[in-house]
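Here are my notes from going through this one, as numbered points. Have the model open while you read.

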Amino acid sequence: MNGNLAAAVADFLAYKRALGRKYLSEEATLHLLLGFAEQHAVTDLADLTPRVLDEFVGFRPRPRARSFNHLIGVLGSFLDWAVSQQRMVASPWHGTRRRDTDRRLPFLFDPAQARRLLEAAAALPDNPRAPGRGPTYHAIFALFYGLGLRVGEACGLHLDDIDTGRQLLIVHGGKFGKSRLVPFGPHIGELLALHLERRHQEDRAEPGAPLFTFDGRRCVHTGSASETFSRLAAGLAFPVPEGTTAPRLHCPRHSFAVGCLLRWYREGVDPSARLFQLSTFMGHVNPSSTAVYLTITPDLLSEASHRFEAYAEPAWSEAEQ
């Protein structure tokens, strides 16, 4: 087996890409490892001693626990893979993850707050570099809240990704490089139809053109969408509960997931029976990823308590007799 470190990293990345993973941030981390190894004359996997790996982890301090734990996870995954491929006898290093004590709950938009945000987006004025700014951001933010799309998925949509006949969005190249079909209802369908009509009235609105664009050629940048969202949310001054983050672009996706769960409780549906469907709808690999979005709220606790009371009432009545 080839014990060359650079070759092993290249093979590991190829293996991850073959599984459909984008692995971009992880690739950047492993390239940092290769650069560090070159500076210290480390060329072989066998030279990755615990001391070398400790020095690598320490040479770019990561004060945030999440960033540090990502580094630990990438290194551990690479070393474990090398062992599984018999390129190493055993992993020479096992990093200790930090406890993330600063993690806060996401801000969850209720329907009234979401409506105010969308109205503020629709009222945004045009500028020379962004004609149709209000309707564009109104539609993008509505897809975040109404369908739980990721920012890159919504901003990256093209005209031929909208199947109005079947009421489907075709999301290409989502997280981990996956694509999926996302059904939508009449309200989102009406919103998309209006935006499609606006786009088709433009000279450069060809079938493969971006759905959300200010110049007809390039998709609205995710950074611009994030900045606009943050400014609008800050201007609306929503009350932020203690221990909760200020509203940011990923929060509508969390709100969508929690809203689905709450609606199922109120409709008498078993949430566990629907979790796989929600996971698929949101583009997750498995339900454990979806569970991260299911923040427990007072409304959810209340609905769960009512359901338990209804379930346990026969036993209580029998015991009282």
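1. A contact here means heavy atoms within 4.5 Å. Among the contacts in the protein chain with a separation of 6 or more, 62% link residues 24 or more positions apart. Bear in mind that this is a predicted model, where local features need pLDDT of at least 70, side-chain atom pairs count only at pLDDT 80 or more, and totals for chains, interfaces and linings use all residues. Residues are numbered from 1 along each chain as its sequence is written, and side-chain values use heavy atoms, with hydrogens and water left out.

2. Now the inventory. The protein chain has 13 helices and 3 strands; these are DSSP runs numbered from the N terminus, helices being H or I with at least four residues and strands E with at least two. Of the 321 residues in the chain, 41% are buried. Buried means under 20% relative accessible area, exposed means over 50%, and partly exposed is in between (1.4 Å probe, protein chains only).

3. Have a look at α2 (residues 24-39) against α4 (residues 65-84). Their axes come within 10 Å and cross at roughly 80 degrees. Axes are lines fitted to C-alpha atoms, for helices over the stretch in contact, and angles run from 0 to 180 degrees between N-to-C directions. The two helices are therefore roughly perpendicular to each other (under 35 degrees counts as roughly parallel, over 145 as roughly antiparallel, 65 to 115 as roughly perpendicular, and the rest as oblique). On the α2 side the contact uses Ser-25, Glu-26, Thr-29, Leu-30 and Leu-33, and on the α4 side His-70, Leu-71, Val-74, Leu-75 and Phe-78. By type, these residues split into 6 nonpolar, 3 polar and 1 charged.

4. Arg-180 and Val-182 make up the covered face of β3, while Leu-181 and Pro-183 are on the uncovered one.

5. On to the interior. A nonpolar core is a set of buried Ala, Val, Leu, Ile, Met, Phe, Trp, Tyr and Cys residues joined through side-chain atoms within 4.5 Å. The largest has 53 residues, and Tyr-137, Ile-140, Phe-141, Leu-143, Leu-147, Leu-149 and Leu-169 have the most contacts inside it. Helix α6 gives the largest share, 8 residues. A second, separate core of 28 residues includes Ala-8, Tyr-23, Phe-68 and Val-74. Back to Leu-169: setting aside neighbours within four places in sequence, its contacts include Leu-143, Leu-147, Leu-149, Ile-162 and Leu-192.

6. A histidine to click on is His-195, in helix α8. Buried or exposed? His-195 is buried, at 3% relative accessible area. Beyond neighbours within four places in sequence, His-195 contacts Pro-135, Thr-136, Ala-139, Leu-211 and Phe-212. The C-alpha atoms of His-195 and Leu-211 are 8.0 Å apart, with the two residues 16 apart along the chain.

7. Finally, two loop residues to check by eye. Tyr-23, in the loop between α1 (5-18) and α2, has a positive phi of about 60 degrees although it is not a glycine. Tyr-23 is buried at 7% relative accessibility. Gln-86, in the loop between α4 and α5, also isn't a glycine and has a positive phi, near 60 degrees. Gln-86 is exposed, at 66% relative accessibility.

Technical notes: Ala, Val, Leu, Ile, Met, Phe, Trp, Tyr, Cys and Pro count as nonpolar, Asp, Glu, Lys and Arg as charged, and the others, Gly among them, as polar.
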